[in-house]
Amino acid sequence: MTLAELQSLESRSVMDTYRRNPVEFVRGEGCRLWDAEGNEYLDFLAGISVVQIGHCHPALVEAVTGQAARLMHAGNLYYTEPSIRLAARLSELALGGKVFLCNSGAEAVECALKLARRHRAGGGFVVMEGGFHGRTLGALSATPQEAKQAPFAPLVPGFTVVRRDDPGALAAAVRPDTAAVLLEPIQGESGIHPLSPETLAAARAACDEHGALLIFDEIQCGMGRTGDMWAWQESGVAPDVMTVAKGLGGGLPIGACIAAPEFGDVLQPGDHGSTFAGGPVVAAGANAVLDVFEEEDFLEGVADRGRRLAEGLRGLELEVRGRGLMLAFAASEAAELARRLLLDQRLVVHATGPDTVRLLPPLTVSAAQVDDAVERIGRCLH
Ligand SMILES: *Cc1c(COP(=O)(O)O)cnc(C)c1O
């Protein structure tokens, strides 16, 4: 099928929710993608921070195909090893408590919200301007963006919104009946805005004072993206509950809600569940991703290449935000620039909002590929 035929079929058969670029990708390897005409691209988006160890990493392919050939699904009424092993590894990597596996980011957020409500019956939630937590009705209610929320009113009640990075406002919004504060340590969808350590500390203190849970949404900024396993580690402010998804499956749909030990048993039999969650194929894939993370100096390499990318962009006199390989630069007409980078320079990036271009390459990107991307951006700017 040609691209034109695909587009015509799409307009007749697919709900019109995405603005797709006119490129059909057919193959990927590492940080490279190929379109149907055989053109090669450098991928600095990784399917929005999903393809964490590069496209078709041999260890991931082997884990997934091997498991698919043995057993694809049995359901959560029985034991399968990959999911239990994955939960144990995630617990060890984060907070040391218990894990609920699910299928997506929004579902991880739903689980965290339900856990907090179960912990404090009837309690409210405090969320932040610029936050993004997903598209399901609960997660959307936690995502204070007029354009995304308004068509679906009335939303789930009980959400209070505070200004971005205003520790005083945050502290004042948390009250004795607050179930949880939900934040992204680095806001992703709204354009890569790291929250200050003071804001994270204020959230921690307010939650401690009132017995509310502190939930960090690490769906985009976690899984090694910043050069730490979790973005919050740099601040030293630990949450009670974390949400993880995107890069966890390296390309497969999987999410997780991780609770600290004190909150590991808040959800009880019958409180929550999902048919597909933690299935053996996606769990085997996530275990393979974590295996790659265990390779020597993996996260140090992410931090190094992140610094190299940020320096390269600053060398082009761009204003850079973010940490590790979660970076953005300011550009007027960002959408048009991202389009030219894709179609003329064959560099895959994404515009978040009218004046921000976001870069989220696979964490396995090489220094040479970082330099190559900076060159392509430079050629497009001048
Ligand atoms: C992408 C994202 C979500 C939603 O994840 P889905 O898998 O699209 O449901 C939630 N929170 C953050 C921070 C995200 O970046």
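Predicted model: local features only at pLDDT ≥ 70, side-chain atom pairs only at ≥ 80, totals over all residues.
Begin by selecting helix α12 (residues 334-343) together with helix α13 (residues 367-381): their axes come within 10 Å and cross at roughly 120 degrees. That angle makes α12 oblique to α13. Viewed at the crossing, α12 passes α13 in a right-handed sense. To display the contact, show Leu-337, Arg-340 and Leu-341 on α12, then Arg-376, Ile-377, Cys-380 and Leu-381 on α13.

Next, turn to the aromatic rings. The model contains three aromatic pairs. Select Phe-25 and Tyr-41, an edge-to-face pair whose centres are 5.0 Å apart and whose planes stand at 85 degrees. Phe-25 belongs to strand β1 (residues 25-29) and Tyr-41 to strand β3 (residues 40-43), so this pair ties together parts that are 16 residues apart in sequence. Colouring by accessibility separates the two partners: Phe-25 is partly exposed, with a relative accessible area of 33%, whereas Tyr-41 is buried, with a relative accessible area of 2%.

Move on to Phe-125 and Phe-159, a stacked pair with 5.0 Å centre to centre and 25 degrees between the planes. This pair links distant parts of the chain, since Phe-125 lies in strand β5 (residues 124-128) and Phe-159 in strand β6 (residues 159-162), 34 residues apart. Both Phe-125 and Phe-159 are buried.

Finally, select Arg-27 and Trp-34. What sits over the ring of Trp-34? The charged end of Arg-27 does, 4.0 Å from the ring centre.

How values were computed:
Residues numbered from 1 in each chain as written. Heavy atoms only, no water. Phe/Tyr/Trp six-rings, centres within 6.5 Å; stacked < 30°, edge-to-face > 60°. Helix = DSSP H or I, 4+ residues; strand = E, 2+ residues; numbered from the N terminus. Buried < 20%, exposed > 50% of the residue type's maximum accessible area, 1.4 Å probe, protein only. Lys NZ or Arg CZ within 6 Å of the ring centre and 35° of its normal. Axes fitted to C-alpha atoms, helices over the stretch in contact; angles between N-to-C directions. Parallel < 35°, antiparallel > 145°, perpendicular 65-115°, else oblique. Left-handed = near helix turned anticlockwise from the far one by under 90°. Contact = heavy atoms within 4.5 Å.
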